[in-house]
Amino acid sequence: MQAFLASLARELRYLRHNPPELFAATALPLLLLALTAWLFSAGVPRGLPIALVDGDRSPQSRALARGLAAAPGIAVVAQPDDLESGWSLLRRLEAYALVHVPHGTRDTLARGGTATVFGYYNAAWQTPGESAYREIQAVVQALGAELASSEVAQALGPGRVRPPPVEVQRTVLYNAAGSYEQYLGLLVHGAMLHLLLCLCAIAAVGRELRDGTAPAWLEACGDRPLAALLGKLGPYLVAFTGYGLAALWFLREWRGPGIAGSYLLLGAAQFTMYAAYAAMGLLFVALTRTMTVSLSLAGFYAGASLAFANVVFPVETGSAFTRLWSQLLPFTHYSRVQQQQVYFGTPWADAAASLGILACFVLLAGGLGAWQFSRIARDPASWGRR
């Protein structure tokens, strides 16, 4: 315990007299969390620009235009005269989607036929494009239901109009509002924090080799490398777990409907995930003996965690490497626990496998890193590398 406390006190003294690293471990994470919270504060997209090409110029097409203008998720920013002008708007990224009402739509409805309204969206900007298209689809469907009871019934007779024999009832579970704040905000916060934690852990351990102070540090801790490492990394683990839980509380309790599961379990999962990334950072330093190379490896390893965590992009149908890489990232296993506890409130037993994998990261990477670091710490050949 004395070795742990001596290392802890030494690290805190260093941070107190080193403003850049203190900023990176305290103010920077909070500023990034605040910035991200502000970016996602709108919750759902509003006023996405679209264009309308009305080739029919009929009461029905004008009713569609009014419906599109009233939809909160989209805004009709242009009504070009022809499709070619509409394509230009899409190419210039002045609109995410284009609605085309072809000439003859009114005549088709008057004959009791089924008219087609064309909707095009820019899949190169998938999220806003699909969001705009969903709004367009909802407006067209609402207009279609209204016309079925007026235009078509007038042409064919009321007895000929009936609801479709089979339809789908769509029910959205767990994030019914489709809020990007509640979906992506939680994930982005965790992704940012574990990357910053990994960088802070590498800086804390790597500077002892860079500055040649590792022997003095270990001697002050009674030549107990494991206790010295725990004391050095402990403040970062506690601080970042606090940041993560505070961000979770803000998004779910202050801005959202609360969580379905346990904050205690989420806290344990967060602490274990941060410990896993600290262990990986220690391993990078111990293997490379160079702080800058280790920081680069951390950016490669932890920087892309969100993309491979199977929460934004599905990895089940990806290549074997994609699936393997996903499993080699602690964030993948933490995010599973987070989704379970935030949305579903699943029993603790369902999180046991993910927590066990996170613990294996800590034990294997941390154990190997601590053993290797204790071997190189007193080797002058390991000192002074930038």
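Which element gives the most residues to the lining of the second largest pocket?

## Basis of the model

This is a predicted model, in which local features need pLDDT of at least 70 and side-chain atom pairs count only at pLDDT 80 or more, while totals for chains, interfaces and linings use all residues. Residues are numbered from 1 along each chain as its sequence is written, and side-chain values use heavy atoms, with hydrogens and water left out.

## The second largest pocket

The second largest pocket has a volume of about 320 Å³, a volume being the space filled by probe spheres set on grid points that are joined across faces, edges and corners. A pocket here is an open set of points on a 1 Å grid over the protein atoms alone, where a 1.4 Å probe fits, with protein on both sides within 12 Å along at least five of seven lines, and its lining residues have an atom within 4 Å of a point.

Of the 16 lining residues, L226, L230, L233, L237 and V362 are the closest to the centre of this pocket. Two or more lining residues come from each of α11 (225-254), α12 (263-288) and α17 (352-376), and it is α11 that gives the most, with 6 residues. Helices (H or I, at least four residues) and strands (E, at least two) are DSSP runs, numbered from the N terminus.

The structure holds 0 disulfides, a disulfide being a pair of cysteine sulfur atoms within 2.5 Å. For C198, the nearest cysteine sulfur is that of C200, 9.6 Å away; C198 is also buried, with a relative accessible area of 0%.

The sulfur of C221 is too far for a bond, because the closest cysteine sulfur, in C200, is 19 Å away. C221 is buried as well, at 3% relative accessible area, where buried means under 20%, exposed over 50% and partly exposed in between, with a 1.4 Å probe and protein chains only.

## A nonpolar surface patch

On the surface, L35, W38 and L39 form a nonpolar patch with about 370 Å² of accessible area together. L35 is found in helix α3 (residues 27-39), and at 42% relative accessibility this leucine counts as partly exposed.

Most residues other than glycine have a negative phi.

R289 has a positive phi of about 60 degrees although it is not a glycine. R289 is found in the loop between α12 and α13 (291-303) and is partly exposed, with a relative accessible area of 21%.

Technical notes. Patch = residues over 30% accessible without salt bridge, like charges linked within 9 Å, V, L, I, M, F, W, Y side chains within 5 Å. Areas by Shrake-Rupley, 256 points an atom, 1.4 Å probe, with all protein chains shown as cover. Salt bridge = Lys/Arg side-chain N within 4 Å of Asp/Glu carboxyl O.
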